[in-house]
Amino acid sequence: MSTGAQVDVAALLELGLEESLAQTWIAMRAYPGAGVEELAQVLGINEIQLREQLDALADRSLVRASQQSPGSLVPIAAEAAVAQLLQRQEQELAEQQARIQRQRDQITTTVEKRLREDTAADGQIEHIIGADAVQARFEQLAYTTVASIDSLMPVVGLPAEMLAEAWPLDAELLRRGVKMRSLYLEAIRNDAAMISYARDLEAAGGHVRTAPALPQRLFISDARIAIVPLDPTTRGRGAAVISAPGVIASLLELFDSAWSNAAPLDIGNSVDPGSGLSNTERVLLGMLAEGSTDEAAAKKLGVSLRTVRRIMADLMHRLDAGSRFEAGIKAAKKGWL
């Protein structure tokens with residue numbers, strides 16, 4: 001393999017070598033045996049500049065002492081030069097990553113300390129008003145998370161752009177080894193963008209399940225700090241950041257209960273073999289039996305009003321009921337409620 005013929009200035013630049021040094025190294029290979037004076041003329045520089053460049057090449061181990069002409073330098077083999085430059089890039093990258101990690105750890109420690117002080121200063125409950133302020137607080141909590149994030153996501157129809165903006169944070173958390181349990185509405189299976197996001201989470205190491213309905217939006221960091229909406233029925237009212245241990249324990253119980261009754265992402269809306277009801281159908285029957293309107297049920301399930309009415313019509317047909325009242329009675333007799 002004539003690798004030497006393939007290594008040019010452009011290739012050396014891609015490997016991180018400065019242009020002047022790349023040109024000098026190439027010239028040394030093109031004019032073997034040339035002295036300092038001749039090589040300086042070829043490059044169009046003075047001898048002092050050339051010697052500085054030779055020193056820099058020696059520092060990078062790209063030239064060595066000549067065995068044939070003591071006191072002279074010769075370029076190392078092209079294969080060795082490529083390997084040397086790649087190793088140098090890897091070392092620099094590792095050092096940069098180590099510096100970034102040290103800076104991240106310092107920032108995380110500082111932010112986490114301030115976060116604890118802020119939440120403790122207001123009776124362990126902090127009210128946040130405004131979408132931007134809520135998002136900023138959410139990001140702050142997420143970046144200081146060490147071990148786990150549990151979240152209930154009773155939303156569908158999020159724009160693809162919003163999901164794309166959210167991905168870097170989730171990916172970073174998973175890369176750091178944070179255990180993520182995300183519980184979505186069953187309705188995301190009909191939302192191309194959201195089901196794709198959920199599958200990406202699983203592929204990256206997250207745990208995802210779905211349920212026909214969810215109690216409220218919830219985010220719990222490290223089982224010690226939570227964010228909940230101030231008004232679960234109305235978006236945009238703001239959020240509460242909670243660190244009170246008793247409240248956190250209750251919220252974790254709420255999450256664990258919802259999680260244990262949810263379906264893994266690869267299973268979906270399972271059907272009970274005894275009744276033939278899917279999870280969504282059972283939940284819808286219960287909601288309507290409690291007096292929920294079709295509109296409220298559709299919002300809770302994250303589906304359209306048409307879908308709710310279609311499911312209800314199918315249930316009435318299976319129950320051979322002429323009205324919803326009759327359907328409720330028959331469903332109760334069958335043990336469906």
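The structure is a predicted model, in which local features need pLDDT of at least 70 and side-chain atom pairs count only at pLDDT 80 or more, whereas totals for chains, interfaces and linings use all residues. Residues are numbered from 1 along each chain as its sequence is written, and side-chain values use heavy atoms, with hydrogens and water left out.

The second largest pocket holds about 390 Å³ of space; on a 1 Å grid over the protein atoms alone, a pocket is an open set of points where a 1.4 Å probe fits, with protein on both sides within 12 Å along at least five of seven lines, and lining residues have an atom within 4 Å of a point. The volume is the space filled by probe spheres set on the points, which are joined across faces, edges and corners. Its lining comprises 19 residues, and Met-28, Ala-34, Ser-72, Leu-73 and Val-74 lie nearest the centre of the pocket. At least two lining residues come from each of helix H4 (36-43), helix H5 (47-59) and strand E2 (73-75), where helices (H or I, at least four residues) and strands (E, at least two) are DSSP runs numbered from the N terminus. H5 supplies the largest share, 4 residues.

Aromatic pairs, defined by ring centres within 6.5 Å (Phe, Tyr and the six-membered ring of Trp; planes under 30 degrees apart are stacked, over 60 edge-to-face, the rest tilted), number 3. One of them joins Phe-138 and Phe-219 edge-to-face, at 4.6 Å centre to centre and with 65° between the planes. This pair links distant parts of the chain, since Phe-138 belongs to helix H7 (residues 131-143) and Phe-219 to strand E7 (residues 218-221), 81 residues apart. Phe-138 counts as partly exposed because its relative accessibility is 25%, whereas Phe-219, at 7%, counts as buried; buried means under 20% relative accessible area, exposed over 50% and partly exposed in between (1.4 Å probe, protein chains only). Trp-167 and Tyr-197 also form an edge-to-face pair, at 5.6 Å centre to centre and with 85° between the planes. Here helix H8 (residues 160-175), with Trp-167, is linked to helix H9 (residues 192-203), with Tyr-197, across 30 residues.

Apart from neighbours within four places in sequence, Ser-221 is in contact (heavy atoms within 4.5 Å) with Leu-141, Thr-145 and Ser-148.
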